[in-house]
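This report describes the sheet and the helix packing of the structure shown below.

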Amino acid sequence: MIGSTVSVAAWSSDSSVLATAIGRMRDSSRSFDSVALRRTVLEAWKAERGELTLRPEWRDVADSYVLDRSVGVLAAAADSALVDLGGLFLWVGPETKRSVGIADPGSALEPVAGVELRSGAISTVSGRGERRAITVLAPTAFKAAAWSSALFSLGCEQALAQAARRAISVVCADSAGVRWSPELRNRVALPGRGP
């Protein structure tokens, strides 16, 4: 992507076709003009956010937008794949049940929770000073990255309230504990406890 590290774990019966697809995905992601991309990402966010005035930094979500546009090449060649774009995870393939850890904002080495990713993307934004982490599960990488970035500034209660209106799922951790949107029932695990 645009200056970010991307890791891909992909599965296919034909490894040479898969390797070619990963190369084509990389090449297509490099073909975006940064000036045009900035304008396109801002327009996409405006359409996504609706009446809200929240505005994530465009650079925070530009790579996720590019990933959504370039991952189709990989999807055509892979039986399934997990793409990691600096902590933003995008699942490609049939529904799965993969646990993704959410780091404690006060201690990045300790998980505060784990959430089951079945499809689409998951993105977490956290801050030590605020001791808060907002995780968003969404159908696309752009939607997950943009909403996690934007909702972080609102705090947990407002982030959870926005989830149902935006067709996203939210897990929030702060000094009051870990909470999540209702559709994630039985998909969030706290350390020492099951879902």
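## Strand pairing

Strand S3 (residues 88-92) and strand S6 (residues 120-127) run antiparallel and are joined by three bridges. Within this pair, Trp 91 stands opposite Gly 120 in S6. Strands pair if DSSP finds at least two bridges between them; strands (E, at least two residues) and helices (H or I, at least four) are DSSP runs, numbered from the N terminus.

The model is predicted: local features need pLDDT of at least 70, side-chain atom pairs count only at pLDDT 80 or more, and totals for chains, interfaces and linings use all residues. Residues are numbered from 1 along each chain as its sequence is written, and side-chain values use heavy atoms, with hydrogens and water left out.

## The open sheet

Seven strands form an open sheet in the order S1-S2-S3-S6-S7-S8-S9, with antiparallel pairing. Strand S1 (6-11) and strand S9 (177-180) stand at the edges with a single partner strand each, so one side of each has no neighbour in the sheet. On average, neighbouring strands of this sheet are turned by 10° against each other, direction ignored.

Axes are lines fitted to C-alpha atoms, for helices over the stretch in contact, and angles run from 0 to 180 degrees between N-to-C directions.

## Helix packing

Helix H5 (residues 156-166) lies across strand S7 (132-138), strand S8 (169-174) and S9, and runs at about 170° to S8.

Helix H2 (residues 34-49) packs against helix H4 (residues 141-152) at an angle of about 75°, with their axes 11 Å apart.

Key
Contact means heavy atoms within 4.5 Å.
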